[in-house]
Amino acid sequence: ESVSVLELKAVHAFDDVHAAPVGGNVDKNGDGMLVQARAADSLTLVSLSLATLAVRTTHVPGVSLATHGKVEAVVVQPYPRKDGGVGVRLAVSTETFSVALVQQDKLLWQRHEALAHVVQGAMVDIPVPSPAHNELLDAGHIAQMNVVTRLLRRTIADATDLVNFLSRPEKMMQQALQLIGGAVGVGGSPKLERAVWDKEGVSEEHDMSADRFGFNKVVVVLTEPSVLMGLHSKT
């Protein structure tokens with residue numbers, strides 16, 4: 001049947017569809033949904049139910065404009081919920097070749113496909129910490145130093161420990177307990193602490209321990225979409 005122009009009305013207007021694409025689909029019951037995905041501080045989703053004409057805005061952490069770039073495509077999969085409503089899953093791809101799977105307001109999975117398009121790379125040494133007391137007592141390590149160097153290293157190590165204990169006694173006691181009891185983090189994995197050189201907190205999430213033989217390194221790669229990534233040689 002023909003519809004009069006006077007009977008048509010705008011239900012919702014999606015802003016700036018060039019920077020934030022819109023995708024749509026129907027679930028198995030025939031209920032349709034349109035979703036617009038935009039990357040900002042988080043992934044912002046604006047969904048429009050074609051059955052109820054309800055508009056909902058959700059924010060999904062883990063995908064941002066700064067790290068993933070603008071969203072280039074979105075594939076929507078609505079599904080009926082047990083409470084009678086309509087939920088939504090969607091896959092988004094960004095200009096940095098990242099792919100993410102989202103359900104409602106949760107990030108289920110993401111992958112950085114830019115690693116398949118590396119244009120340049122370099123090996124970077126991880127800073128080696130200063131000698132600890134156990135190294136100063138190691139015969140092989142001591143044999144590499146002369147008498148004056150041994151005395152200076154031992155004096156500096158003792159003085160550093162004394163200053164740290166007087167300024168941060170709680171942390172020193174915690175480190176001592178970890179050495180004695182072998183403290184572990186959640187799930188039985190070793191608890192990671194921020195390295196002295198780390199200003200971003202990377203060493204609290206990844207094992208950035210160095211070795212004096214130089215086997216552990218960070219591989220810095222530049223990808224085709226101008227994304228710079230760091231990979232630990234252990235991985």
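Analyst: Contact here means heavy atoms within 4.5 Å of each other. The model is predicted, so local features need pLDDT of at least 70 and side-chain atom pairs count only at pLDDT 80 or more, while totals for chains, interfaces and linings use all residues. Residues are numbered from 1 along each chain as its sequence is written, and side-chain values use heavy atoms, with hydrogens and water left out.

User: Which residues does Thr58 touch, not counting residues up to four places away in sequence?

Analyst: Thr58 touches Leu43, Thr44, Leu45, Gln104 and Asp105.

User: Why is Thr58 called buried?

Analyst: Buried means under 20% relative accessible area, exposed over 50%, and partly exposed in between (1.4 Å probe, protein chains only). Thr58 has a relative accessible area of 11%, and is therefore buried. Its place is in strand S4, residues 55-60; strands (E, at least two residues) and helices (H or I, at least four) are DSSP runs numbered from the N terminus.

User: What makes S2 and S3 a pair, and in which sense do they run?

Analyst: Two strands pair if DSSP finds at least two bridges between them. S2 and S3 have seven bridges, in the antiparallel sense.

User: Which residues touch the most other members of the largest nonpolar core?

Analyst: A nonpolar core is a set of buried Ala, Val, Leu, Ile, Met, Phe, Trp, Tyr and Cys residues joined through side-chain atoms within 4.5 Å. Of its 16 residues, Val35, Ala37, Leu43, Leu45, Leu90 and Val92 touch the most other members. S2 gives the most to this core, with four residues.
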